[in-house]
Amino acid sequence: MKKLLASSIFFFAYLAMSVSSSAYAQLNIVITEGVDNATPIAVVPFGWEGEGMLPGAISDVINHDLRRSGRFNPMTMSKMPQFPRDISAVNYQQWVDKGINTIVVGKVKDLGNDRYQIDFQLIDTLAGSQLADAPQVLQNGQLVAGQSQLIAGRTLTVTGQDFRQFAHRISDIVYEKLTGQKGAFLTRIAYVVVRDTKTVARPYQLVIADYDGENELALLSSKEPLMSPSWSPDGNKLAYVSFESGKPQIFIQDIYTMSRIKLTDFPGINGAPRFSPDGKQIAMVLSKDGNPDIYIMEIATRKLTRITRHRAIDTEPSWAPNGKELIFSSERGGKPQIYRVNLSNKRIKRLTFEGDMNLGGTITPDGSELVIVNRTNGNYHIARQNLADGAMQVLTTTFLDESPSIAPNGSMIIYSTLHEGTQVLSLVSLDGRFKARLPGVAGQIKAPSWSPFLR
């Protein structure tokens, strides 16, 4: 990385496409830091009412979700004092004595014809241990103890193939009830995989998967590089750059029907597409008029508006949550830094100053923080900068970190990094305390993009 063309993530991603490996396999999350400081919780193995084996490890999925959030440290099964299936069987004091103030219990009933009834309850064991002192309430004409210990509960009928999705839904409920923040376990990630370019006919793959790497689906395989996937706000489409024709073009593809449209085919660079918050426009980088500049296109009419006009390279646009501003990377100050442009008056303001350079900016969903790639002393790391006071915190210590993408609840960042010579995806919490790695068994995995909340 010598100049912006090499140091900018937009161009670095293209150059890095030449790195490859021999095979491709599913992602596997490996937690590296941060669980010891998380809140203890217990997810009791769900009871099974049916013949044969439970068709899905629902409690395992919930366990993994909560652990990977960085906010919770689930208790191992071997340390659990009991295995209740519902609230009536919980010995609250046993859990409190173990330091567990919250548990998840549940059961699965086989209804036949691949239909299952799942019941779960989120229980406050500390409140339950104080039931003797709890006030009584009138219910069906009788005085009964209040159920302040029941935080949440659901009953739902699902098919066997919906087990994982409902498990993620339970995790979302638990996370939101205990943190006050919406959970992001029912989300997806998109990324690019590069297989062995010498042995595989179509080594470049555009892939989507559940946030935890399960249920992978290759949307597109190509002989030529694919890059810069970006989700539509409804989670139904991806915009991306393809070199299938031998030159960069921007496409939008429906992830369900697989149909796609070619959005741009201008001379020169067509890159870095990003959907607007309302899904009606796409910001992009075009060089058709000279230097790379930021443009906005209305998807329905293809009307194009030029946003920046400078002799320097402007790249990597990203929308502010209010849809009224863009941030972008530019070398107009000498070295790449992050700038913000007001779309109504085109006024531009520099946002970053610390370190050698700053690239690849994205604003958190609440609009308070800027997540960037910061280079200091030659090291590229993910950092966050408070937009109110400009205070910066470096979050990662991995190698050649790039392409950060933020979870829709703002709690986690997924990014591309090098691990033992292979390009992999990693996670870091917004406060930097929790870290995890999503290594593929083989293949270079890069350019991650976290989906919005899925309906």
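**Exercise 1.** In this predicted model, find which residues lie nearest the centre of the second largest pocket.

*Solution.* Start with the lining, which is made of 18 residues. Nearest the centre you'll find Gln165, Arg188, Asp210, Tyr256 and Leu454. Next, look at the elements: α6 and β11 (204–210) each give two or more residues to this lining. β11 gives the most, with 3 residues. Sort the lining by class and you get 8 nonpolar, 6 polar and 4 charged residues. Finally, the space in this pocket comes to about 360 Å³.

**Exercise 2.** Now describe the largest pocket and what lines it.

*Solution.* Begin with the space: about 1000 Å³ lies in the largest pocket. Of its 40 lining residues, Ser230, Arg274, Ser318, Thr362 and Ser405 are the closest to the centre. Then go through the elements that give two or more residues to the lining; among them are α2 (9–16), β13 (226–231), β17 (270–275) and β33 (444–450). By class, the lining holds 25 nonpolar, 13 polar and 2 charged residues.

**Exercise 3.** Work out how helices α3 and α6 are oriented to each other.

*Solution.* First, take the axes of α3 (residues 58–68) and α6 (residues 163–179): they come within 9 Å and cross at roughly 45°. An angle between 35 and 65 degrees counts as oblique, so α3 and α6 are oblique to each other. As for handedness, their crossing is right-handed. Last, check who meets whom: on the α3 side there are Ile58, Val61, Ile62, Asp65 and Leu66, while the α6 residues include Phe163, Arg164, Phe166 and Val174. By class, this contact has 9 nonpolar, 2 polar and 2 charged residues.

Definitions and conventions:
Residues numbered from 1 in each chain as written. Predicted model: local features only at pLDDT ≥ 70, side-chain atom pairs only at ≥ 80, totals over all residues. Heavy atoms only, no water. Axes fitted to C-alpha atoms, helices over the stretch in contact; angles between N-to-C directions. Helix = DSSP H or I, 4+ residues; strand = E, 2+ residues; numbered from the N terminus. Parallel < 35°, antiparallel > 145°, perpendicular 65-115°, else oblique. Left-handed = near helix turned anticlockwise from the far one by under 90°. Contact = heavy atoms within 4.5 Å. Nonpolar A, V, L, I, M, F, W, Y, C, P; charged D, E, K, R; others polar. 1 Å grid on protein atoms, 1.4 Å probe; cavity = no way out; pocket = protein on both sides within 12 Å on 5 of 7 lines; lining within 4 Å. Points joined across faces, edges and corners; volume = space filled by probe spheres on them.
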